Amino acid sequence: MNLEIDIAGVKLKNPVMTASGTFAAGKEYSEFIDLNNLGAVAVKGIATNPWLGNPTPRIAETYGGMLNSIGLQNLGVDHFIKEDLPFLRKFDTKIIVNIIGNTVEEYCEVAERLNEADVDLIELNISCPNIKKGGVAFGTNCESAEGVTKAVKKVSKHPLIVKLSPNVTDIKEIARAVESGGADAISLINTLLGMAIDIHRRKPVLANITGGLSGPAIKPVALRMVYDVAKTVSLPIIGMGGITSGDDAIEFIMAGATGVAIGTANFFNPRATMDVLEGITEYCHKYDIMELREIRGII
Amino acid sequence: MREINKREKIQSFILENSEINPNIFRMIVSSNRMESEAIPGQFVNLYCKEGSRLLPRPISICDIDKTNNTLTLVYGVVGKGTKEFSNLKPGEYIDILGPLGNGYIIDKDIDKHILVGGGIGIPPLIELAKNLNGEKYVYLGFRSDIYLVSEFERIGAKVYIATDDGSYGTKGTVVDLLMKTNVDGGMVYSCGPKPMLKAVSDWAKEKGIKAQLSMEERMGCGIGTCVGCVCKIKKEDSWEYKRVCKDGPVFWSEEIVWNE
Ligand SMILES: Cc1cc2nc3c(=O)[nH]c(=O)nc-3n(C[C@H](O)[C@H](O)[C@H](O)COP(=O)(O)OP(=O)(O)OC[C@H]3O[C@@H](n4cnc5c(N)ncnc54)[C@H](O)[C@@H]3O)c2cc1C
Ligand SMILES: Cc1cc2nc3c(=O)[nH]c(=O)nc-3n(C[C@H](O)[C@H](O)[C@H](O)COP(=O)(O)O)c2cc1C
Ligand code: FES
């Protein structure tokens with residue numbers, strides 16, 4: 001059996017990756033799993049300069065999921081290159097750097113700073129804050145999604161994954177837009193906008209009122225979006241959203257994903273990525289699958 | 001603060017799980033070697049069996065028994081997760097990860113200690129008190145019913161009690177009581193609700209005593225990766241968010257930025 005996959009010319013030893021923002025830069029999880037066994041690690045969103053993030057409470061549990069309003073707290077690209085990258089590079093796994101910005105210029109600046117760095121792929125998180133003047137999230141508008149993709153693609157040396165927001169009317173439109181903007185791959189989904197209220201205190205649970213919903217509760221939505229996008233574009237897709245087991249991962253692959261990423265599951269099972277990998281392997285043994293290509297997009 | 005590594009989520013055998021006060025439970029579990037590393041002020045993650053409740057519940061280590069290899073946890077039933085725990089029976093298992101976080105720093109040269117606990121912040125002070133040499137002045141604040149008091153007395157601590165409604169000890173807050181007794185010492189250790197910690201911090205500062213405070217925040221992972229559980233910590237002339245689970249939960253009081 002060969003679980004190797006190819007994302008924009010980068011060979012991953014298996015399809016199991018981590019979802020950005022749920023694995024920090026890998027250090028904490030290296031106490032639980034052998035990072036060498038991962039196809040790739042996607043690190044937390046990184047900006048030009050440190051971002052403080054939002055006030056607390058930032059976390060709320062909901063039925064089969066969680067809400068977060070971390071606000072993309074990060075220490076900036078220089079800190080990542082100096083402190084986190086050397087650690088991750090000690091392992092035989094691919095490194096995906098998730099990049100964030102408030103403006104197209106900021107996205108480009110992070111991408112350019114990473115040109116000199118020894119990373120494998122960059123992932124554009126276009127589900128965050130605002131364009132310079134507008135107040136529209138990049139990922140919820142075709143023009144801005146295509147615009148920022150184009151701009152980053154032009155300055156970056158590394159293959160570009162664009163990560164889509166599910167908070168849109170038609171995910172297919174956005175997928176087409178980033179494909180024509182020059183994306184080399186697509187990852188989806190990011191979190192769904194949600195909220196929770198503490199009825200005893202009569203207040204929202206999160207200080208920020210609303211937050212991003214993730215975990216098993218969003219899996220059907222994520223799967224549908226991966227299915228839709230796979231039918232629409234010809235780029236490789238990294239599917240994520242509520243994956244906790246090998247069976248979940250196989251569903252995403254059957255819906256058309258090339259690789260899968262594990263997010264929230266890491267929080268309640270630090271070995272979740274390895275459980276998914278073992279589950280995929282077991283499934284392939286059971287049905288005599290030699291390569292994932294045999295089942296990819298069969299639905 | 002001192003740091004300890006962790007390994008994996010372990011099924012722990014429940015030896016006892018009983019209600020020691022209305023809605024307050026004491027759970028004793030086999031420690032699976034956690035006892036050999038754990039230090040006072042650290043916590044463990046408890047996981048629910050019900051699949052819809054995903055996130056771990058952080059609970060402080062109340063007592064470490066190195067002879068019988070057990071941990072005692074004391075928790076209040078406040079929501080669905082702790083309700084589920086309260087229904088577990090001795091002989092059943094619960095998934096535990098730990099010990100997590102950094103505990104209290106113990107300075108062997110200090111011979112007079114002041115411990116201040118409020119509500120469900122009281123349990124971790126037991127293991128702490130056990131590990132301190134010298135005189136121990138323990139100030140406990142409860143709403144109405146009291147618990148764990150005899151445990152402190154057995155360790156040889158001098159215990160002062162305050163209750164909101166005056167049913168035991170002095171009526172009022174634990175900080176009022178602290179001020180009234182005019183105690184002095186080499187270090188203050190505290191765990192409890194934020195307003196109490198702030199008042200303890202102010203009191204300690206005025207007295208010129210160093211204080212270690214255990215902070216609490218909603219957690220996602222408990223191991224330092226989600227950045228959900230942060231609190232404001234001083235940094236040169238500004239501040240930054242640090243993780244309660246990994247950089248704390250115990251911080252020096254002078255590090256904490258209180259205004260939200
Ligand atoms: C480091 C640390 C140590 C702790 N030690 C203890 C302990 O020794 N004993 C104990 O009884 N409790 C302790 N807690 C609080 C405990 O984690 C929460 O009470 C528990 O997670 C609630 O779970 P639930 O499912 O019952 O409540 P939920 O249904 O999740 O929420 C019910 C209510 O509980 C409160 N709550 C939920 N999560 C937290 C949280 N992380 N911190 C504070 N309040 C919360 C909220 O007010 C919420 O409205 C500790 C918390 C931390 C961060
Ligand atoms: C706490 C938290 C932080 C996240 N931070 C980021 C981030 O920095 N960049 C990003 O592109 N996605 C971020 N995400 C989204 C995840 O990468 C993932 O797309 C989403 O959680 C869905 O997958 P899951 O259900 O497996 O968690 C974050 C999610 C969570 C829960
Ligand atoms: S709970 Fe996740 S970083 Fe503290």
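I count a residue as buried when its relative accessible area is under 20%. The model I am reading is predicted.

**Entry 1: helix 1 of chain A**

I looked up which residues of this helix are buried. In helix 1 of chain A they are Val77(A), Phe80(A), Asp84(A), Leu85(A), Phe87(A) and Leu88(A). An α-helix has 3.6 residues a turn, so residues three or four places apart point the same way. I then looked for what lies over these buried residues. The cover includes strand 4 (40–46), strand 7 (94–99) and helix 2 (104–115), which belong to chain A.

I also checked the course of the helix, which spans residues 77–89. There is a kink of about 35 degrees at Glu83(A), shortly before the proline Pro86(A).

**Entry 2: Asn190(A)**

Asn190(A) sits between strand 10 (185–188) and strand 11 (192–195). Is Asn190(A) buried or exposed? I note it as buried, because its relative accessibility is 14% and the cut-off for buried is under 20%.

I listed the neighbours of Asn190(A), leaving out residues up to four places away in sequence. Asn190(A) touches Asn125(A), Ser127(A), Lys163(A), Leu164(A), Ser165(A) and Pro166(A). With two of these I found polar contacts between side chains: one joins Asn190(A) to Asn125(A) at 3.2 Å, and one joins Asn190(A) to Ser127(A), at 3.2 Å.

I turned to the interface. The size of an interface is often given as the accessible area lost when the parts come together. For chain B and chain A this buried area is about 2600 Å², with 60% of it on carbon and sulfur atoms. As for residues in the contact, I found 31 from chain B and 31 from chain A.

**Entry 3: polar and charged links across the interface**

I looked up the salt bridges between the two chains and found two. In one salt bridge, Glu61(A) pairs with Arg57(B), and the closest N and O atoms are 2.8 Å apart. Polar contacts across the interface of chain B and chain A come to 10 residue pairs, both residues being at pLDDT 80 or more.

How values were computed:
Residues are numbered from 1 along each chain as its sequence is written. Chains are lettered from A and ligands numbered from 1 in the order in which they are written. This is a predicted model: local features need pLDDT of at least 70, side-chain atom pairs count only at pLDDT 80 or more; totals for chains, interfaces and linings use all residues. Side-chain values use heavy atoms; hydrogens and water are left out. Contact means heavy atoms within 4.5 Å. Buried area is the accessible area (1.4 Å probe) that two parts lose on being put together, summed over both. A salt bridge is a side-chain nitrogen of Lys or Arg within 4 Å of a carboxyl oxygen of Asp or Glu. A polar contact is a pair of N or O atoms within 3.5 Å; within protein, one must be able to donate a hydrogen and the other to accept it, and residues adjacent in sequence count only if both atoms are side-chain atoms. The bend at a residue is the angle between axes fitted to the seven residues ending there and the seven starting there. Helices (H or I, at least four residues) and strands (E, at least two) are DSSP runs, numbered from the N terminus. Buried means under 20% relative accessible area, exposed over 50%, partly exposed in between (1.4 Å probe, protein chains only).
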